[in-house]
Amino acid sequence: RLIPIIALLLLFSSCAFGPGAQDWKLPLSNRYEMWRINSEEIVIGHADGNGGLETVIESKVTQYFTSDSYVAAVQQNGNEETAQTFYYLLNTADGALAGPFSSEQELIDYGRTIGLSPQEWIATTPAPDGAVYDF
């Protein structure tokens, strides 16, 4: 009688810890990854080699695109009434982060100075192709 109760407790406690069923990570390039930590936190960072992530672009990343070693990201922070949108360009080859830019046009103009062509934005919700749920 005690064993089924213990089994249920272990089952439910394992659901409460660790990544949620909807959480994922997306490998980018040069050990950079995008992580969905929960419904409000999607970040980009550098994998530390120990299962952790050194965050480079804070939450909430809502869109991105990649081109060679570059990752462009749209970040929205604040709640619905105070939301602000910023744009970033990360060079994964050397870790250089440009931004925040206050408009997509500023990002595009900066990208052109380094030979980067605009790409189609990819939404982070639902999970982008290549996202891994088991982490």
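## Aromatic pairs

Three aromatic pairs turn up in this predicted model, counting rings of Phe, Tyr and Trp (its six-membered ring) whose centres lie within 6.5 Å, with planes under 30 degrees apart called stacked, over 60 edge-to-face and the rest tilted. Tyr87 and Trp121 make a tilted pair, at 6.2 Å centre to centre and 55° between the planes. This pair ties together distant parts of the chain: Tyr87 belongs to strand β7 (residues 84-91), Trp121 sits in the loop between α2 (104-113) and β9 (122-123), and the two are 34 residues apart. Helices here are DSSP runs of H or I with at least four residues, strands are E runs of at least two, and both are numbered from the N terminus. Tyr87 counts as buried because its relative accessibility is 14%, and Trp121 is buried as well, with a relative accessible area of 17%. The cut-offs are under 20% relative accessible area for buried, over 50% for exposed and in between for partly exposed (1.4 Å probe, protein chains only).

Phe101 and Tyr110 form a tilted pair too, with 5.5 Å centre to centre and 35° between the planes. Here Phe101 is buried at 12%, while Tyr110 comes out partly exposed at 32%. Ring pairs also link Phe65, Tyr87 and Trp121 into a cluster.

A word on ground rules: since the model is predicted, local features need pLDDT of at least 70 and side-chain atom pairs count only at pLDDT 80 or more, whereas totals for chains, interfaces and linings use all residues. Numbering starts from 1 along each chain as its sequence is written, and side-chain values use heavy atoms, with hydrogens and water left out.

## Cavity and pocket

Which residues line the largest cavity? They are Phe65, Leu89, Leu107, Ile108, Gly111, Leu116, Ser117 and Pro118, and α2 supplies the largest share, three residues. The lining splits into six nonpolar, two polar and no charged residues. Its volume is about 60 Å³, and a search of the whole structure finds one cavity of 30 Å³ or more.

The largest pocket holds about 190 Å³ of space. Its lining has one nonpolar, six polar and three charged residues, and among them are Glu40, Lys60, Asn77, Glu80 and Ala83.

For the grid details: on a 1 Å grid over the protein atoms alone, a cavity is a set of points where a 1.4 Å probe fits but cannot get out, a pocket is an open set with protein on both sides within 12 Å along at least five of seven lines, and lining residues have an atom within 4 Å of a point. Points are joined across faces, edges and corners, and a volume is the space filled by probe spheres set on them. Ala, Val, Leu, Ile, Met, Phe, Trp, Tyr, Cys and Pro count as nonpolar, Asp, Glu, Lys and Arg as charged, and the others, Gly among them, as polar.

## The four-stranded sheet

Four strands make an open sheet in the order β1-β2-β3-β4, with antiparallel pairing. β1 (24-27) and β4 (53-57) are at the edges, each with a single partner strand, so one side of each has no neighbour in the sheet. Pairing requires at least two DSSP bridges between two strands.

Four bridges join β1 to β2, with Pro27 opposite Glu33. They form a hairpin with four residues between β1 and β2, where Asn30 in the turn has a positive phi of about 55°. β3 (residues 41-47) pairs with β4 over four bridges, and Ile44 has Ile57 as its bridge partner. Strand β2 (residues 32-38) is mostly covered, with five of its seven residues buried.
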